[in-house]
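Here are some friendly notes to read with the model open beside you. Each point takes up one spot, beginning with a side chain and its neighbours.

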Amino acid sequence: MRQVPPSLAVRLRQAAGPIAERGLDQTKIDDLAAASGIPRATLYYYFAGKEEILAFLLRDLLSAMADAVTRAAAGAGTAQQRLRAVISAQLQVMAAHPHSCRALLAELGRAGRMPAIAHAIGEAFHQPVLRLLHDGAQDHSLRTLPDPAVAARTIFGAVVASGLADLLAADSLDVSQLTGRVTELILDGVAADPASSRRLPTSR
């Protein structure tokens with residue numbers, strides 16, 4: 001795959017729409033060309049086929065997520081406050097790339113067989129959150145966990161699943177409201193004992 005110019009990459013994001021609606025197998029290159037406004041010949045110049053286009057769209061989404069999450073994780077405040085900012089950042093990226101997110105859901109099995117995508121997910125979210133969980137144990141804003149790697153994957157999954165559910169239901173999501181709901185669940189869990197809960201500060 002050749003290097004895709006930024007101006008073309010922005011237009012190409014619209015190609016995720018047909019993939020999200022019909023799945024990759026039922027989508028033709030002509031559909032992607034029509035959705036993005038990029039000539040069919042130009043798509044074939046940069047990509048060998050539809051699967052390469054899907055891989056590009058997912059890497060583009062995860063790259064934007066990695067940038068936003070890294071900035072949020074490196075911000076000011078306790079680890080707990082920064083974790084909230086990370087969750088919000090991830091949801092903001094999902095809100096800005098609704099078609100790519102829905103395409104990811106439609107082609108989750110195929111994406112799981114792309115090693116570069118699995119690596120990109122780790123870079124985009126798992127590593128920054130692992131560092132936050134370590135920081136939280138040090139500043140006592142989060143508890144020490146027996147397996148932080150499992151926790152990081154669980155948090156990522158909770159955010160993705162919640163964001164995708166809203167995108168499927170309404171093709172948009174309320175980032176502020178969903179951040180509050182997801183963060184409260186992650187920090188409080190589902191235990192009945194209120195003494196064991198850890199609520200976020202009301203302001204950063």
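1. Let us start with E107, which touches I19, G23, L24, D25 and L54, leaving out residues up to four places away in sequence. Touching, or contact, is used here for heavy atoms within 4.5 Å. E107 sits in the loop between α7 and α8 (108-112). Helices are DSSP runs (H or I, at least four residues), numbered from the N terminus.

2. Before going further, a word on the source: this is a predicted model, where local features need pLDDT of at least 70 and side-chain atom pairs count only at pLDDT 80 or more, while totals for chains, interfaces and linings use all residues. Residues are numbered from 1 along each chain as its sequence is written, and side-chain values use heavy atoms, with hydrogens and water left out.

3. Is E107 buried or exposed? E107 is buried, with a relative accessible area of 9%. The cut-offs are under 20% relative accessible area for buried, over 50% for exposed, and partly exposed in between (1.4 Å probe, protein chains only). A polar atom of the E107 side chain lies 2.6 Å from the backbone nitrogen of L24.

4. S36 in helix α3 is another residue worth a look. S36 counts as buried at 8% relative accessibility, and its side chain reaches the backbone oxygen of L32 at 2.8 Å. Apart from neighbours within four places in sequence, S36 is in contact with R11, L12, Q14 and A15.

5. Now for the loop between α2 (16-22) and α3, where you will find Q26. Q26 is exposed, with a relative accessible area of 58%. The C-alpha atoms of Q26 and M65 are separated by 28 Å, and the two residues are 39 residues apart along the chain.

6. K28 is also found in the loop between α2 and α3, and counts as exposed at 57% relative accessibility. K28 and K50 are 22 residues apart in sequence, with 7.7 Å from C-alpha to C-alpha.

7. P39 belongs to the loop between α3 (29-36) and α4 (40-46). With a relative accessible area of 48%, P39 is partly exposed. Between P39 and I29 the C-alpha to C-alpha distance is 9.7 Å, and the pair is 10 residues apart in sequence.

8. If you check backbone angles, please look at H140: its phi is near 65°, a positive value in a residue other than glycine. H140 is placed in the loop between α9 (115-139) and α10 and counts as exposed at 65% relative accessibility.

9. How do α7 and α10 pack? Helix α7 (residues 98-106) and helix α10 (residues 148-170) meet at an angle of about 110°, with their axes 10 Å apart. They are therefore roughly perpendicular to each other, a label given to angles of 65 to 115 degrees. Axes are lines fitted to C-alpha atoms over the stretch in contact, and angles run from 0 to 180 degrees between N-to-C directions. On the α7 side, P98, C101, R102 and L105 meet L164, L167 and L168 in α10.

10. Last comes helix α6 (residues 79-96), whose 18 residues reach 25 Å from first C-alpha to last, close to the 26 Å expected at 1.5 Å a residue. That expected span is 1.5 Å times one less than the number of residues. Of the 18 residues of α6, 14 are buried, so α6 is largely enclosed by the rest of the structure.

Conventions: Helix = DSSP H or I, 4+ residues; strand = E, 2+ residues; numbered from the N terminus. Parallel < 35°, antiparallel > 145°, perpendicular 65-115°, else oblique. Polar contact = N/O pair within 3.5 Å; in protein donor to acceptor, adjacent residues only side chain to side chain.
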